[in-house]
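Work through the exercises below with the sequence and the model at hand. Each task is followed by a solution in steps.

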Amino acid sequence: MAGNQIRPAVPTAKPEAEDCRVVDAVVVEALAVRTPSGQAQVRLLPPPTVSCELARAISLWLDTSLQPLARGAFTRELTALRVGGGHECRRRNRQTQGQLSEHATGRALDIFAFQIGDEKQGGVAVSVERPNGLEQVRFLDAVRQSACGAFMTVLGPGSDAAHANHLHVDIQQRRAASSRFCQ
């Protein structure tokens with residue numbers, strides 16, 4: 001979509017293990033979304049390195065689900081996502097053994113907060129870990145439900161201790177395309 005701020009990721013100086021390579025790695029600074037007044041951008045802070053395939057899934061989710069949810073809940077636009085855990089060569093839940101995380105291939109993203117409106121003009125940050133009031137709790141519930149339709153795996157507070165403070169989304173391929181893991 002025009003208006004996206006995405007650039008190719010610079011290859012690391014140290015070659016990574018085959019299991020930790022990102023196919024079509026990109027750095028996502030901002031993604032374009034449609035608004036009633038035209039087009040706007042949602043910034044990803046700090047800009048994560050992810051696969052182009054994940055960037056596409058996030059872009060579609062932002063445009064078709066998150067922006068309308070923010071507008072409906074707060075009558076303001078979603079302006080930024082506070083994120084972490086883009087590409088990182090590690091195992092699931094930072095364990096020393098076991099399967100590699102989808103973060104290892106850039107096919108996962110962790111979201112810690114949603115910025116609604118401009119911070120300098122009374123905007124609100126909705127923390128995944130500590131929502132402030134019923135309005136934010138309901139917004140986060142709706143966000144999680146929409147993520148369960150947009151991604152193959154969604155984990156957040158209540159799923160396990162490793163995801164108590166953020167929403168993890170990924171596009172891990174499963175045996176059946178209709179199979180999703182949502183907690």
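The model is predicted.

**Exercise 1. State in which helix Thr 64 lies, and classify Thr 64 as buried, partly exposed or exposed.**

Solution. 
- Step 1: Thr 64 belongs to helix α1, which covers residues 52-74.
- Step 2: The relative accessibility of Thr 64 is 44%. Buried means under 20% and exposed means over 50%, so Thr 64 counts as partly exposed.
- Step 3: A polar atom of the Thr 64 side chain lies 2.7 Å from the backbone oxygen of Leu 60.
- Step 4: Between the C-alpha atoms of Thr 64 and Ser 146 the distance is 9.5 Å, while in sequence these residues are 82 residues apart.

**Exercise 2. Describe how α1 and α2 pack, and list the residues that make the contact.**

Solution. 
- Step 1: The axes of α1 and α2 are 10 Å apart, and the packing angle is about 165°.
- Step 2: Angles over 145 degrees count as roughly antiparallel, so α1 is roughly antiparallel to α2.
- Step 3: The crossing of α1 past α2 is right-handed.
- Step 4: From α1, the contact is made by Trp 61, Ser 65, Leu 66, Leu 69, Ala 70, Ala 73 and Phe 74. From α2 come Glu 135, Gln 136, Phe 139, Ala 142, Val 143, Ser 146, Ala 147 and Ala 150.

**Exercise 3. Locate Glu 102 and say which residues Glu 102 touches, not counting residues up to four places away in sequence.**

Solution. 
- Step 1: Glu 102 sits in the loop between β5 (78-84) and β6 (108-116).
- Step 2: With 14% relative accessibility, Glu 102 counts as buried.
- Step 3: Leaving out residues up to four places away in sequence, Glu 102 touches Arg 107, Ala 108, Asp 170 and Gln 172.

Note on methods: Residues are numbered from 1 along each chain as its sequence is written. This is a predicted model: local features need pLDDT of at least 70, side-chain atom pairs count only at pLDDT 80 or more; totals for chains, interfaces and linings use all residues. Side-chain values use heavy atoms; hydrogens and water are left out. Helices (H or I, at least four residues) and strands (E, at least two) are DSSP runs, numbered from the N terminus. Buried means under 20% relative accessible area, exposed over 50%, partly exposed in between (1.4 Å probe, protein chains only). A polar contact is a pair of N or O atoms within 3.5 Å; within protein, one must be able to donate a hydrogen and the other to accept it, and residues adjacent in sequence count only if both atoms are side-chain atoms. Axes are lines fitted to C-alpha atoms, for helices over the stretch in contact, and angles run from 0 to 180 degrees between N-to-C directions. Angles under 35 degrees count as roughly parallel, over 145 as roughly antiparallel, 65 to 115 as roughly perpendicular and the rest as oblique. A crossing is left-handed if the near helix is turned anticlockwise from the far one by less than a right angle, and right-handed if clockwise. Contact means heavy atoms within 4.5 Å.
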